[in-house]
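Please keep the sequence and structure in view while reading.

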Amino acid sequence: MCLNKFFPFLLSVLLLMAIPDASAQKNKSKAPKKGKTTVISDETRQQSALFADALREFYAGNYETAENSFRKVLSQNEKNDAVYYMLARIRKESKNYAGAAYYLSEALKLNKSNIWYKVELAEIYDLMEDYKNATKLWEEICKAKPDNEYYLFTLSEDYINLEQYTKVIDIYNKLEVLEGYNDEITNAKVTIWLYLNDVKNAIGEYDKLIQEFPSEPRYYILAGNICQSNNLPQKALNYYQSALKLDPDNTMANMAMANYYSATGDEEAAFQSLYKAFTDPQIAIDDKLPFLKSYFTKAAKTPNKDNISRCKQLAQNISEAHPERVEGWATLASMCMIEKQYEQARGYFERALTNDQSSYALWEDYIYCLSQQKDYKSMISKGKAVLDLFPTNAAMIYNIANAYYFEKDYTKAIELLQQAAVYSYDNSLLANIYNVLGDCHKELGNKEEALKNWKTALQKGLNTQDKIKQLE
């Protein structure tokens with residue numbers, strides 16, 4: 001319990017300790033006569049002073065001294081529930097939760113209605129993961145304080161730990177009464193209903209919101225999504241169409257309709273719904289990327305005109321709506337590569353690399369694109385930055401070395417190829433590295449080195465016999 005919460009209680013304790021025991025007053029009049037003052041005994045004063053000293057030591061972190069003082073108070077008054085409470089606090093500080101629970105139980109025996117004691121003991125049980133006992137206390141606390149959201153929420157967490165999910169929903173309903181409708185609470189209830197395989201009640205949570213907010217398209221869409229995911233396509237369609245009546249350009253509704261049309265096999269309708277949704281920059285790109293990936297996979301596997309065209313159009317829309325992200329530009333580049341439109345692909349790769357220079361896959365495809373254009377000078381120029389980024393990547397070093405070879409800089413090519421051989425563990429790549437090494441040495445007139453490297457390439461699985469025979 002925090003000090004702010006404890007402070008009013010602490011004042012009450014100190015005031016109560018200043019009042020003489022009822023037994024000491026049993027022979028006196030219940031109402032003191034006018035003009036007379038209540039007499040506080042020396043013993044009571046001493047206990048109050050000792051208790052106050054113990055509190056100061058506690059908040060100063062001197063727990064051993066504080067405990068000794070609290071026990072002195074307890075030796076003088078064994079029914080002092082506040083002392084048991086503070087002893088529990090000391091045990092809690094040392095993470096002796098069992099000891100804390102014992103002292104709090106003793107305090108509650110003396111003062112059964114004290115809400116602070118119950119809250120502290122319930123929190124101790126939670127720390128001990130004794131959710132059964134914690135739940136009993138939180139139920140009592142929530143009954144006494146039904147408007148306290150913290151107590152209700154904590155009780156709901158214990159119900160979750162005990163897997164009493166319908167009781168969790170009951171608590172969430174009470175929280176909704178206190179707070180009003182809350183998307184997070186609704187989502188949590190929907191998740192629980194779906195976990196319990198109760199689709200009807202899961203949809204019903206959004207039906208409540210639709211009734212409360214009939215002009216809000218989002219709730220229709222969320223209800224429709226549950227239907228779509230649970231093999232209720234016609235019901236899903238009804239919700240989606242209701243959302244589109246309210247807002248025909250609603251991106252979420254159009255993306256939901258795209259899902260629906262894809263599931264029913266209407267590819268053209270699905271594409272048209274997505275095309276509209278992809279132009280909206282307000283919808284997070286991460287919500288669009290699964291759709292784009294699907295179209296990309298389809299175009300890569302079956303690279304016909306329609307598949308490539310649809311993928312390129314969606315990628316173009318994403319690039320315009322989210323120009324700072326690489327995914328749209330990279331997809332456009334890949335589609336151009338499939339169509340062997342290397343100059344266009346090059347431009348898209350360069351735009352993507354402007355946004356993210358750390359992606360190896362982007363650099364690999366870009367360098368390959370340059371090689372298809374036979375632009376070896378650009379490969380060498382860009383390769384300097386690439387080799388700084390990926391100094392131990394054998395495949396990339398090999399590609400740049402090839403560019404030096406075609407530019408007839410055999411010495412530099414050999415230097416890079418030797419580096420690539422050190423970092424490569426793939427026989428196929430090693431065979432190619434040694435093959436080009438042999439070619440470089442041949443061009444430099446190093447016959448023995450050329451033969452040695454070609455023979456190594458042959459051992460690694462590359463057929464270099466013709467080259468070997470020609471030189472021998």
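**A buried serine**

S156 counts as buried because its relative accessibility is 0% (buried means under 20% relative accessible area, exposed over 50%, partly exposed in between, with a 1.4 Å probe and protein chains only). The model is predicted: local features need pLDDT of at least 70, side-chain atom pairs count only at pLDDT 80 or more, and totals for chains, interfaces and linings use all residues. Residues are numbered from 1 along each chain as its sequence is written, and side-chain values use heavy atoms, with hydrogens and water left out.

**Surroundings of S156**

- S156 sits in helix α8, residues 149-161 (helices are DSSP runs of H or I with at least four residues, strands are runs of E with at least two, and both are numbered from the N terminus).
- A polar atom of the S156 side chain lies 2.5 Å from the backbone oxygen of F153.
- When neighbours within four places in sequence are left aside, S156 is in contact with V168, I171 and Y172 (contact means heavy atoms within 4.5 Å).

**Helix pair α15 and α17**

- Two packed helices are described by the angle between their axes and the distance between the axes.
- The axes of helix α15 (residues 267-278) and helix α17 (residues 305-321) come within 9 Å and cross at roughly 15° (axes are lines fitted to C-alpha atoms, for helices over the stretch in contact, and angles run from 0 to 180 degrees between N-to-C directions).
- That angle makes α15 roughly parallel to α17 (under 35 degrees counts as roughly parallel, over 145 as roughly antiparallel, 65 to 115 as roughly perpendicular and the rest as oblique).
- The crossing of α15 and α17 is left-handed (the near helix is turned anticlockwise from the far one by less than a right angle; clockwise would be right-handed).
- On the α15 side the contact is made by E267, E268, F271, L274, Y275 and F278, and on the α17 side by R310, Q313, L314, N317, I318 and A321.
- By class, the contact of α15 with α17 has seven nonpolar, two polar and three charged residues (Ala, Val, Leu, Ile, Met, Phe, Trp, Tyr, Cys and Pro count as nonpolar, Asp, Glu, Lys and Arg as charged, and the others, Gly among them, as polar).

**Helix pair α20 and α22**

- Helix α20 (residues 360-372) and helix α22 (residues 394-406) have axes that come within 11 Å and cross at roughly 25°.
- That makes α20 roughly parallel to α22, and their crossing is left-handed.
- Y360, W363, E364 and I367 of α20 make the contact with A395, M396, N399 and I400 of α22.
- Six nonpolar, one polar and one charged residues form the contact of α20 with α22.

**Loop residues with positive phi**

- K95 is not a glycine, yet has a positive phi of about 60°.
- K95 lies in the loop between α4 (81-93) and α5 (97-110), and counts as exposed at 60% relative accessibility.
- N197, also not a glycine, has a positive phi of about 60°.
- The loop between α10 (183-195) and α11 (199-212) holds N197, which is exposed with a relative accessible area of 64%.

- S358 is found in the loop between α19 (342-355) and α20.
- With a relative accessible area of 53%, S358 is exposed.
- The side chains of S358 and D356 make a polar contact at 2.6 Å (a pair of N or O atoms within 3.5 Å; within protein, one must be able to donate a hydrogen and the other to accept it, and residues adjacent in sequence count only if both atoms are side-chain atoms).
- S358 and F390 are 32 residues apart along the chain, and their C-alpha atoms are separated by 9.2 Å.
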